[in-house]
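My entries follow in the order in which I looked.

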Amino acid sequence: MSTTPVDAPTPDPGSPKALTAAQIAQEKEESRRAAAQARGIAPKAAQSSNGPTTAQVKPIWPPPYYFEDDLRRVRPYHWTYNTYCKERWRGRCLIEVFESEFRDRPVEYYRASMEKGDIFVNGTKVGPDYVLRNGDLVSHTLHRHEPPVTSDPIGILYEDDDMIVINKPSGVPVHPAGRYKFNSVLEIMKAERGPEFMPHPCNRLDRLTSGIMFVAKSVTAAEALGNQIKSRTVRKEYMARVVGEFPEGDIVCDQPILSISPKLGLNRVRAEGKTARTVFKRLAYYPPKDDSKANCQQEGFAGPTDEELCRLPAEAGDENNGKPWVNKRGYSIVRCLPVTGRTHQIRVHLQYLGHPIQNDPIYANQRVWGFNLGHNDADGTVCKDEDVISRLSRMGKEEVAQAVVYHDEMLDKYEKRRAEKMTGEVCDVCATPLYSDPGMHELSLWLHSLRYEDAGGAWSYKSPLPKWALPPEGMAGPTTVGGMDELVGAVKDEKPETTG
């Protein structure tokens, strides 16, 4: 479908100020005017329709970034989403589809937007009762609110005419997705290098994971590295900071992994899951400064309160009286070699071994998994899948997601805004329910992509150790990591797969 873009209010990239009543009214009027102007421009594909026509708002450049409280923020802006009718939508009313599949806003908002023409089909205002058909292009122009991300820069480890090797900050998604667009690695790089720059990511990291990524400057370069990765001749190593004293020696976890909720991105060990294998090796162990205190009760740490513990799901056979961390003193820095590439593989395997990543908001979350955090629960009898899914689906909106570990240097901010959640406030311009700033474990996960190397020795890239992997103040420990040979030696029968 060909459309003619129309101008929409472009946000000021400077720090936002409190809007006056007159400014709010003006911005609302500008939004209505942009939509009204759009409805007066008809794309050719929609000329035969009887309904009023609409068009998309003009793309924004440069992105409206500003920095505040060590966060990269984006001022709200108008944007048009486009998606073609999916097979499961065919024969269903437009309002029914939005109510069931786009639940981040109330159904009243969607109905009003359809009646105004801000939600339209094939460039035409159709109303909420329109029945979708194969080939329909559904568009939605809205006032978009992006979550903030860390203000840490994207580090450049190596660059030539074909490839950029970056050190991705934690908490920043790679691609625009969901509520993130400008606050993504690719869009930040475009903003820094100019609108003509077209990055092509060659490997993927989860939003919370930091470390090495490859960004090609051309499709040809991306395909070349992508083919090498698919041929399983590229090795990768991660670092993780986990709860308790991780065992010494080579620890190989080959438990299969099943996605129990693709929508939530939730995985766990299951016999009927896909084959998975990870090699772990402890780099260092750091006990609490006061060994009489447990992992979450060190000086400067705050463990869950009695009131919080009472709200956690009780489980039979809890020998630690609801305190699973009492036998998990201190923390360990662990090297990780994923032999296969399942989603959340390292996080799931560490959880299963009883040493989850310390600040993991999902797999070290007692409100989701219960007191034992999924340890040795391969058949799901201790914590049922439906209970885990139900608890996690509530996190981030009405409730706060609470990881099991608190660390002193982030405690004040962490306590004030532990996790991203609804504030009860709404936007003055579009009446969208607003989220609070993300908590620290929404911005950071102690899992880092440390190294990528060609198995034949043709090339190797290694990032610096993150701060959380270095020895704590007053303690001695390693500040560098050796080669991968000792990790690879534990799986001589298989080549490390590095996709996913």
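The entries below go from the whole chain to strands and then to a cavity.

**Ground rules.** I am working with a predicted model, in which local features need pLDDT of at least 70 and side-chain atom pairs count only at pLDDT 80 or more, while totals for chains, interfaces and linings use all residues. I number residues from 1 along each chain as its sequence is written, and side-chain values use heavy atoms, with hydrogens and water left out.

**Whole chain.** I find 12 helices and 20 strands, taken as DSSP runs numbered from the N terminus (helices H or I of at least four residues, strands E of at least two). Of the 500 residues, 51% are buried, where buried means under 20% relative accessible area with a 1.4 Å probe, protein chains only. The chain exposes about 23,000 Å², and carbon and sulfur atoms supply 48% of that area, computed by the Shrake-Rupley method with a 1.4 Å probe.

**The open sheet.** I looked up a sheet of 3 strands and found it open, with the order β3-β5-β4 and antiparallel pairing; two strands pair if DSSP finds at least two bridges between them. Because β3 (77-84) and β4 (119-121) each have a single partner strand, they stand at the edges, and one side of each is left without a neighbour in the sheet. From one strand to the next the twist averages 20°, with axes fitted as lines to C-alpha atoms and angles running from 0 to 180 degrees between N-to-C directions. Between β3 and β5 (residues 137-144) I note 8 bridges in the antiparallel sense, with tyrosine 81 opposite histidine 140 in β5.

**Around β2.** Strand β1 (residues 65-68) runs antiparallel to β2, joined by 4 bridges, and the two form a hairpin with 2 residues between them, where aspartate 69 in the turn has a positive phi of about 55°. On its other pairing, β2 meets β6 (residues 149-150) over 2 antiparallel bridges. Arginine 72 stands opposite phenylalanine 67 and also opposite valine 149 in β6. From β2 (residues 71-74), Leu71 and Arg73 point one way and Arg72 and Val74 the other, and all are buried.

**A cavity.** I count 2 cavities of 30 Å³ or more, a cavity being a set of points on a 1 Å grid over the protein atoms alone where a 1.4 Å probe fits but cannot get out, with lining residues having an atom within 4 Å of a point.

Technical notes. Buried means under 20% relative accessible area, exposed over 50%, partly exposed in between (1.4 Å probe, protein chains only). On a 1 Å grid over the protein atoms alone, a cavity is a set of points where a 1.4 Å probe fits but cannot get out, and a pocket is an open set with protein on both sides within 12 Å along at least five of seven lines; lining residues have an atom within 4 Å of a point. Grid points are joined across faces, edges and corners, and a volume is the space filled by probe spheres set on the points.
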